[in-house]
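Subject: Structure for your review

Dear colleague,

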Amino acid sequence: MIRSTFRLAVGAAAIALLPGLAHAQDKLRVGLMLPYSGTYAQLGEAIENGFRLFVEENGGKLGGREIEYFKLDDESAPPKAADNMNKLVKRDNVDVVIGSVHSGVAMGMAKIAKQTGTLMINPNAGADAVTGPMCAKNIFRSSFSNWQPGYATGEALAKTSLKNVVTITWKYAAGAESVGGFKEAFEKGGGQVVKDLTVPFPNVEFQALLTEIASLKPDAVYTFFAGGGAVKFVRDYKAAGLGSIPLYGAGFLTEGTTKAQGEAAEGVITAMHYADNLDNAKDKAFRLAYAKAFKMQPDVYAVQGYDAAQILATGLAATNGDAKQIDAFREAVLKAKFDSPRGSFTMSDSHNPVQDFYLRKVTNGENAVTAIASKALADPGRGCSM
Ligand code: PHB
């Protein structure tokens, strides 16, 4: 009895001295706060698939710990974001939250992450503020800022003879910031935005605005739509007889959507940090493994999910699996060069990927690269100090 009590005490002391080992013994609690319903449902699923693929390729562990998932459908509803995030952090006691897709939701999450110090890796939402004024040591992004693809598309379009452009998007942060990035580069390059049109998110009643575009007769149209809304927009655009006005967009317009868009997507030009025909070994292996596991082709969202897991693995490798050692986690992530299916990328000081943007044209249903729109494009991180 005395001997076993003694053994127990020595064992406990040893574990206390080796916090890394203590962590290695329990599962890493991973919250997945993503849209599993609504217009962005498919995006959430692709992100989760990509995340799980990386974990499986690494023996089911990150930072030496097995994973326990806590899934929550955020419905792309910003008013519910803080409560949902609190459920994961306080009720489920997660070590890290992966989320989300919608910019408004991500801003609600970032506020709680900052208050509680919980590690957050954002696998999509581009809200500029998350790596701008709301930036924090414990918040990282594996995707893009809304400014980035907008800016890259604006640079590319400014090099053409198309000078008068109408923009059309959903009226919320992502649309406004995407158009903002586009305008900044396009107008710097000598182009002019003649009109900005918006519909409330997630409405897909485009008819009146398409009629307005027809009467404005611009040289080209720039747009931000994604998911189910992008499918409907591209089809409606063609059906409204606007096929002769070149359609440009942030690449989400044709990510995971070309099959459903069919003929109407052919020729649409976008800029994105991914494409369907990248010639790199990592992407080839990724696409094969993804198709095998999920019986479908990956898209940019799947890549961002995969890289969210990769960022997490890199940080946890430096902390023996402890998600609370934020300084060491951050140092490792900032030093890393990530071998991503998109091509390699690094992390900016405000925790946003510094990455190449490809100009793509939909050809036979694929986002085929036609040029590099912008090399190693870094979000300016305006307003970030940590
Ligand atoms: C966003 O809300 O930031 C957002 C949503 C869907 C996308 C891209 C950005 O495809």
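I begin with the second largest pocket, which is lined by 13 residues; Gly243, Leu247, Ala264, Glu266 and Val268 lie nearest its centre. The elements that give two or more residues to this lining are helix H9 (227–239) and strand E10 (247–250), and the largest share, three residues, comes from H9. The volume of the second largest pocket is about 170 Å³. By class, its lining holds nine nonpolar, two polar and two charged residues.

Please note that this is a predicted model, in which local features need pLDDT of at least 70, side-chain atom pairs count only at pLDDT 80 or more, and totals for chains, interfaces and linings use all residues. Residues are numbered from 1 along each chain as its sequence is written, and side-chain values use heavy atoms, with hydrogens and water left out.

On a 1 Å grid over the protein atoms alone, a pocket is an open set of points with protein on both sides within 12 Å along at least five of seven lines, whereas a cavity is a set where a 1.4 Å probe fits but cannot get out; lining residues have an atom within 4 Å of a point. Grid points are joined across faces, edges and corners, and a volume is the space filled by probe spheres set on the points. Ala, Val, Leu, Ile, Met, Phe, Trp, Tyr, Cys and Pro count as nonpolar, Asp, Glu, Lys and Arg as charged, and the others, Gly among them, as polar. Helices (H or I, at least four residues) and strands (E, at least two) are DSSP runs, numbered from the N terminus.

The largest pocket

The largest pocket has a volume of about 480 Å³. Its lining is made up of 20 residues, and those nearest its centre are Gly256, Thr257, Gln297, Pro298 and Asp299. Two or more lining residues come from each of helix H3 (41–57), helix H10 (258–261), helix H11 (281–294) and strand E14; H3 gives the largest share, four residues. The lining of the largest pocket has nine polar, seven charged and four nonpolar residues. Domain 1 (10–144 + 279–347) and domain 2 (147–272 + 360–377) both contribute to this lining, so the largest pocket lies between them. The domain bounds come from an automatic or database domain assignment.

The cavity

One cavity of 30 Å³ or more was counted. The largest cavity contains about 80 Å³ of space. It is lined by 15 residues, with Val101, Asn124, Phe144, Tyr172 and Phe224 the closest to its centre. Of the residues in this lining, 11 are nonpolar, four are polar and none is charged. Domain 1 and domain 2 each supply at least three residues to the lining of the largest cavity.

The disulfide

The count of disulfides (pairs of cysteine sulfur atoms within 2.5 Å) comes to one. It is formed by Cys135 and Cys384, whose sulfur atoms are 2.2 Å apart. Cys135 lies in the loop between strand E5 (119–122) and strand E6 (139–141), and Cys384 in the segment after strand E14 (366–377), so the pair ties together parts that are 249 residues apart in sequence. The torsion about the S-S bond is about 85 degrees, so the disulfide is right-handed. Cys135 is buried (under 20% relative accessible area; exposed is over 50%, and partly exposed in between, with a 1.4 Å probe and protein chains only), its value being 2%. Cys384, at 22%, is partly exposed.

Helix H6

Of the 12 residues of H6, 11 are buried, so this helix is largely enclosed by the rest of the structure. Among the buried residues are Trp147, Tyr151 and Leu157.

Backbone features

Most residues other than glycine have a negative phi, and most peptide bonds are trans. A cis peptide bond joins Gly99 and Ser100, with omega about -5 degrees, and another joins Phe201 and Pro202, with omega about 0 degrees. Pro202 is in the loop between strand E8 (192–199) and helix H8 (207–216). Asn364 has a positive phi near 50 degrees; this residue lies in the loop between strand E13 (353–363) and E14 and is exposed at 70% relative accessibility. Ala376 has a positive phi near 45 degrees, lies in strand E14 and is partly exposed at 44%.

Yours sincerely
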